[in-house]
Amino acid sequence: MYTLEEVQEHNKTDDVWIVLHNKVYDITRYLEDHPGGSAILFEVAGTDATEAFEETGHSDEARKELEKYHIGDLPTEGRSKLSTFSRSFSRTTNGFD
Ligand code: HEM
């Protein structure tokens, strides 16, 4: 288990963690091998990169590769904070409340 705060500390060029779908990945060893380049990964280092990852429409191959770098998960508490935020945010912007 890692919190988002812990993930945020790993945002240096020789130490890069990201979050995808509430899972934590240490992609330091993958930076050089990423077909999309290392620059884009540095941009999201230490953050939840789920949106950027999904927007790119990564292949099944890419998703399999991902498993090699899985080191842990966000605790349920850290997750619900995030989704509570986005739920209330979209409710407000949609004007449903
Ligand atoms: C460990 C995490 C990741 C893995 C294993 C991975 C893997 C791959 C692979 C295998 C490709 C080649 C195309 C494909 O098979 O889909 C690719 C392309 C790409 N990736 Fe990732 N990726 C990761 C994270 C990310 C993230 C977080 C971003 C965005 C911030 C990103 C942006 C891109 C882009 C823009 C391309 C397209 C490159 C092109 O078509 O020229 N990737 N990635």
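Predicted model: local features only at pLDDT ≥ 70, side-chain atom pairs only at ≥ 80, totals over all residues.

Two strands count as paired if DSSP finds at least two bridges between them.

The chain has 97 residues, of which 25% are buried. It contains 5 helices and 4 strands. Read from the N terminus, the elements follow the order α-β-β-β-α-α-α-β-α.

The 4 strands make up an open sheet, and their order in it is β1-β2-β3-β4, with antiparallel pairing. At the edges are β1, residues 11-12, and β4, each of which pairs on one side only. In general, the strands of a sheet pair through backbone hydrogen bonds, in a parallel or an antiparallel way.

The sheet can be followed strand by strand. β1 and β2 run antiparallel and are joined by 2 bridges. Asn 11 has Val 16 in β2 as its bridge partner. These two strands form a hairpin, and 2 residues lie between them.

β2 covers residues 15-20 and is joined by 4 bridges to β3, residues 23-26, the two strands being antiparallel. Within this pair, Val 19 is opposite Val 24 in β3, and Trp 17 is opposite Asp 26 in β3. β2 and β3 also form a hairpin with 2 residues between the strands, where His 21 has a positive phi near 50 degrees. β2 is mostly covered, as 5 of its 6 residues are buried.

On to the next pair: β3 and β4, the latter being residues 70-73, are antiparallel and share 3 bridges.

The ligand comes next. Where does the ligand sit? The ligand is found in the largest pocket. Around the ligand there are 17 residues, and the closest are Tyr 30, His 34, His 58, Ser 59 and Leu 66. By class, this shell consists of 11 nonpolar, 5 polar and 1 charged residues.

Which helices supply at least two residues each to the shell? They are α2 (39-43), α3 (50-55) and α4 (60-66). Of these, α4 gives the most, with 3 residues.

A polar side-chain atom of His 34 is 2.8 Å from a nitrogen atom of the ligand. For His 58, a polar side-chain atom likewise lies 2.8 Å from a ligand nitrogen atom. In the case of Ser 59, an N or O atom of the side chain is 2.5 Å from an oxygen atom of the ligand.

Is His 34 buried or exposed? His 34 counts as buried because its relative accessible area is 14%, and the cut-off for buried is under 20%. Besides its contact with the ligand, the side chain of His 34 reaches the backbone oxygen of Gly 37 at 2.8 Å.

Definitions and conventions. Residues numbered from 1 in each chain as written. Heavy atoms only, no water. Near = heavy atom within 4 Å. Polar contact = N/O pair within 3.5 Å; in protein donor to acceptor, adjacent residues only side chain to side chain. 1 Å grid on protein atoms, 1.4 Å probe; cavity = no way out; pocket = protein on both sides within 12 Å on 5 of 7 lines; lining within 4 Å. Sits in = over half its atoms within 2 Å of the grid points. Nonpolar A, V, L, I, M, F, W, Y, C, P; charged D, E, K, R; others polar. Buried < 20%, exposed > 50% of the residue type's maximum accessible area, 1.4 Å probe, protein only.
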